[in-house]
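The sequence and structure are shown first, and the description follows.

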Amino acid sequence: MSFKDGFLWGGATAASQHEGGYNLGGRGLSTFDAVTGGGFQKPRKVTYKTTEGKIEETSIDSTMTGPVPVGTIGYIRENIYYPSHQATDFYHHHKEDIALMAEMGFKCFRMSISWSRICPKGMYEINEEGLQFYDDIFDELLKYHIEPVVTINHFDMPLYLADHFDGWSDRKVIDYFLFYARTVFERYKDKVKYWMTFNEINVLSGWCQIGVHDNCPQNLFQAHHHIFVASAKAVLLGHKINPQNQIGMMVSYTPSYPMTCRPEDVMEAIQFNRQKHFYMDVQVKGYYPEYQLKEFERNNIHIQMEKDDLEIIQKGTVDFIGFSYYMSTVSSTDPNAEKTEGNQFIACKNPYLSTSDWDWTVDPLGLRIALNEIYDRYHKPMFIVENGLGAPDTINEDGSIDDDYRIEYLKNHIQAMKDAVEYDGVDLIGYTPWGCIDIVSAGTGEMKKRYGFVYVERYDDGTGDFSRRKKKSFGWYKNVIESNGMNL
Ligand code: P53
């Protein structure tokens, strides 16, 4: 027995990277609208206005971490290419994109709603045209029997909340978020059943994602506490509005191996892995784990809580665990161990594995390891909501694109998840490879770093007419879905 009947094969994108239409249909600005493109090892920049009215910019790293000076406001300069403004123009191409997904046989499509399209300032004001936009998308998906899987908040924050409230560091944002969440739960209750509250909750670290200007650990963990409470309240609310709703958490899962069997390296890997387990413990088990409370104590971090917060966190646990998996890393306490910067964080180099063009370690077996680690720890249904290879593609003279490297990557990862299901018996409900139609890279802002089965003519200098064409992987993935993962 392999993947169960009704296994959710599909693909995934996010509003700030796919949707575009940033100033259309009554949408308000989001933080990402003030973030420029970058490149491999060239940082993206946040452009802002100081209190004296000066226009400045600051570099952010590939995890989109600030800081952006306190008191400044996000600002869009003229004649600069901001990738999110049009992204890959799902705004005008959604019918075409969904038809392509249907042709591949998608059972589901993971996407996010842009908060500032529903609530332009992030506050108590609703943009009906924005709600209608997503109604059209969900209707189109359902027409082809494609189940929408919706991330309520994928990295983007209404700019107004960042400018006026310092984002999630302000407790009031919990209520604004819940107003937004209630609005979408109620509006789409007959159309959407699968939800995730916050994308990659464990990497939310800077102004772009959570609107916090000074992201020192105290501010960051206070903001995360507010996000935990908001997420738990949203889970409770979503279940009340429709008891059929399946509401998940979403974590970036990068397992770390000890470099050697030296116990120090093993302990180092355990500690590294807590950067994800902490967030899962809170949202799946419903409490702050002891090791994290001890870390707060050691670092003099004091989280302000209201009296019901811990009870809300305890009650509002999730129905499933969504996670992204791209790579693994290696931990060591040896200062001389060879390091690799990759795109995400500095870690030791794994001599047994190859890396992508963006220096991300390719490790299919790591996915089986991740599935086992998570399942052993939580015993909840799991959903791989992101996985894939970012690579440059070239168009052949006859217009075709031979992305065999992408097929190879995905084939090996699907084989690993098949093994986890067949040999290890984990409960896996779906798989949505990232950027199924080419989108803007979050970490680098590039178009060149492509993940899709469908190529989009859009380039890093802002040119391209957004036309779509199928890559070789398109037909391959269609066959994988048709055979429920048997033909790889
Ligand atoms: P890109 C690393 C850096 C930034 C975002 O990343 C990341 C990661 C990997 O965990 O998270 C997710 O576009 C994220 C997506 C993003 C995807 O990884 O830098 O949820 O929004 O596009 C891939 O290649």
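## Ligand site

How far is an oxygen atom of the ligand from an N or O atom in the side chain of Q17? The separation is 2.8 Å, which qualifies as a polar contact, defined as a pair of N or O atoms within 3.5 Å; within protein, one must be able to donate a hydrogen and the other to accept it, and residues adjacent in sequence count only if both atoms are side-chain atoms. This is a predicted model, in which local features need pLDDT of at least 70 and side-chain atom pairs count only at pLDDT 80 or more, whereas totals for chains, interfaces and linings use all residues. Residues are numbered from 1 along each chain as its sequence is written, and side-chain values use heavy atoms, with hydrogens and water left out.

## Nonpolar cores

The largest nonpolar core has 133 residues. Such a core is a set of buried Ala, Val, Leu, Ile, Met, Phe, Trp, Tyr and Cys residues joined through side-chain atoms within 4.5 Å; buried means under 20% relative accessible area, exposed over 50%, and partly exposed in between (1.4 Å probe, protein chains only). W168, F323 and M417 touch the most other members of this core. Helix 9 (residues 217-241) gives the most to it, with 11 residues; helices (H or I, at least four residues) and strands (E, at least two) are DSSP runs, numbered from the N terminus. Apart from this core lies another, of 10 residues, among them L8, C108, V149 and F320.

Contact means heavy atoms within 4.5 Å. Leaving aside neighbours within four places in sequence, W168 is in contact with W115, M157, V173, I174, F177, F198, I210, V212, A223, H226, I227 and A230.

## Helix 7 and T183

Helix 7 comprises 16 residues (172-187) and reaches 23 Å from its first C-alpha to its last, close to the expected 22 Å. The expected span is 1.5 Å times one less than the number of residues. Its buried residues include V173, I174 and F177, which are also among the contacts of W168.

T183 is found in this helix and counts as buried because its relative accessibility is 10%. Its side chain reaches the backbone oxygen of F179 at 2.7 Å. Beyond four places in sequence, T183 is in contact with I118, I126 and L131.

## Buried residues elsewhere

F106 lies in the loop between helix 3 (90-104) and strand 5 (108-112) and counts as buried, at 3% relative accessibility. The C-alpha atoms of F106 and G11 are separated by 7.5 Å, although the two residues are 95 residues apart along the chain. Not counting residues up to four places away in sequence, F106 touches W9, G10, G11, M101, I146, C436, Y477 and I481.

D97 belongs to helix 3 and is buried, with 0% relative accessibility. Leaving aside neighbours within four places in sequence, its contacts are H18, F90, I437 and R468. I313, in helix 12, is buried at 3%. Under the same exclusion of neighbours within four places, I313 is in contact with H225, F228, V229, A232, V282, G286, Y287 and Y288. The C-alpha atoms of I313 and L236, 77 residues apart along the chain, are separated by 9.9 Å.

## Positive phi angles

Most residues other than glycine have a negative phi. N300 has a positive phi near 60° and sits in the loop between helix 11 (290-298) and helix 12 (309-315). N300 is exposed, with a relative accessible area of 56%.

D359 also has a positive phi, of about 70°, although it is not a glycine. D359 is located in the loop between strand 13 (347-348) and helix 13 (364-378) and is partly exposed, with a relative accessible area of 23%.
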